[in-house]
Amino acid sequence: MSTEAREAPQAPEDSQRGTLHSGRGRFADPVFKWIVAVCGTTVLIILALMVIRTTSEAWPVFAKEGFFGFLLGESWNPGGSRTEITGTYGAWPFIYGTMITSVIAIAIALPLSVMVAVYLTHLAPRRLAKPLSYTVELLAAVPSVIFGLWGLHWFLPNVLRPFFDGLEAVLGWFFLFEGPVRGVGYLPAGIVLGIMILPIMTAIIREVVAVQPVEQQMAAYALGSTRWEVITKVILPASFSGIVAAAMLGLGRALGETIAVLMLIGGSQSWGASLFGTGSSMASHIAATFGESSPESRIALMAIGVALFLVTMIVNILARVIVWRLGQITGDAAV
Amino acid sequence: MSTATTTPPASRHTPLSQRSPGSGVRRIKDRAASVLLTAAMVVAMIPLILIIFEVTRRGIGVVNLDFLTQTEPPPRREGGGYAAGFVGTLYIMALAILMSIPFGIATAVYIVEYGPNRLTRVIRFFTDVMTGIPSIFVGLFVYGLLVIGWGGLGFGTFTGAVAIAVMMLPIVTRSAEEMLRLVPNEIRNASYGLGARKWQTIVHTVLPAAAPGLTTGSMLAVARGIGETAPLLMTAFGSGLIVTAFQGEAQGAVPMQLYRGAMQPFEAGIDRAWGAALCLFLLVLLFTVIARWIGSRASVGNR
């Protein structure tokens, strides 16, 4: 952005060139511009195609069930027809699964990422800060299928299962922690999801925290504040909107995450209040049943995809708007 | 405030500025907070360490030459490997790279060199938005557009590559944009001063100057693309055999095969999944580290 403020260099006009330069180069310039402009517009075309193609494909389902009927309906009984919609399609169990796993993920990742971001910017020994933040970013590079494998075959049996059993024994009377503990379910999926969105949220919050003006912090220290007071009373209040944006970008990721959730959520088509229960998220249900679906139910899956797309788009656009308003940070980390 | 001149009595109304930060509740709070923040950092590191440790421990015994060169037997049986997946991933990634990287860099060139105007702002915004699209939705889109839609291409390498390319495109564009902005205007001015046209300046001066940064961004995008699983499930579909067809035959890939291996009950198949996880992890790690290395070296060289 900073380069825009300065005057951008301009190529000399053709009239400023001598007759020597009137050759093929004259046509190459507009052609080149055209090529890159067309490439640039491709992004927009792809996005438009995405919306149009999937929505029109899924339209018969929305038409039959009604938009809210589709979102709130509780039974999912795919029909086997090739040409028309014969089954009942209610996406509520999957919407619930998506919501509950994302909420768990945010509940875990938000406090942790704020603390890690503050630690990295204000507490970490100078020599350690960079390698540590690289390591956190490396976590973002781990493919989600590896998170799923590790979660299913190591983390769940060795750590989460004993923890869940204890939790059920102590808090089993509370409806969220009602047994039986089956292993896979909403809670493990949410926890692993929390680990997965931690790096992206940390990266953004760290950027936000790092650009807070040093003068205010110095002033607070000069008034005798402890580091803790500076962090909670000066830095965090000023970073609030950035933290909200980070949480929303994390939420966007969590809503759309497929494979790791699919491997850990259990894949049933019902829903229940207990966090130990099994279910499906929107994305995981699409991926799980797509392979052996009839053409008709693939259309219904497409409808779930459209609903998921709508929600993630709203969340993402809101987050982007907040990030853009902040101005000083690039939001690079979110890529 | 006005009474702050005398020594404070031991009342609850002592202003903060008159209490020593080095004593009492405030000091304890401060210490506790430091411990808490450090603990949070440690907690955040644990999953990565555990994943690296476990993937290495379970995978190292599985990965050998056979694993890379043989196709997978039925899940119950030991031995064999993910050759089909590796060929598929290589094939799909090659096509996806060919599609997404030139497009992404060209888009960035348009945004940086021909902007800012209304169109570039719109493109930039939607590129940002595109990074947040769920990968499963990209899969559905390509399925609706190419697999059953126009042309009815069916499952195959090409459709899988299109899905991965759509996932990679915004990453390439965003990073390339940042890199092109880092190219100092003096270089452009010098080029114009020598009589170069705009396209010559971009092709011969700006892009070479930004090359290391562009490489970094592209490699990070590739690292992201290699691990994508969900969109491939509905575009390449998966295959246990080596497929060389460009389109029309279901194609396999390492992450898909890994997923299917991990979700079936037989120990031999799960072991192979760990092996594949190790290979995949090493690939991603390699790309990420090399990309960062090129990036950091270039930024030092520029200054």
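## Confidence

The predicted model scores ipTM 0.87 and pTM 0.88. Chain B has a mean pLDDT of 86. In chain B, 90% of residues reach 70 or more.

Among the helices of chain B, helix α3 (residues 83-113) has the highest confidence, at a mean of 94. Helix α11 (residues 267-302) of chain B has the lowest, at 84. Residues 1-6 of chain B stay under 50 in pLDDT. For that stretch, the model has two contacts beyond four places in sequence. Where pLDDT is low, the predicted coordinates should not be read in detail.

## Where chains A and B meet

The contact draws 83 residues from chain B and 80 residues from chain A. On the side of chain B that touches chain A, helix α1 (residues 24-59) of chain B gives the largest share. That share is 19 residues.

What is the make-up of the side of chain B that touches chain A? Its residues divide into 53 nonpolar, 18 polar and 12 charged.

## A helix pair in chain A

Two helices of chain A cross: helix α4 (residues 92-123) and helix α7 (residues 186-210). Their axes come within 6 Å. The crossing angle is roughly 40°. The crossing of α4(A) and α7(A) is right-handed.

By class, the contact of α4(A) with α7(A) has 23 nonpolar residues, seven polar and one charged.

Definitions and conventions. Residues numbered from 1 in each chain as written. Chains lettered and ligands numbered in written order. Predicted model: local features only at pLDDT ≥ 70, side-chain atom pairs only at ≥ 80, totals over all residues. Contact = placed C-beta atoms within 7 Å. Helix = DSSP H or I, 4+ residues; strand = E, 2+ residues; numbered from the N terminus. Nonpolar A, V, L, I, M, F, W, Y, C, P; charged D, E, K, R; others polar. pLDDT = per-residue confidence, 0-100. Axes fitted to C-alpha atoms, helices over the stretch in contact; angles between N-to-C directions. Left-handed = near helix turned anticlockwise from the far one by under 90°.
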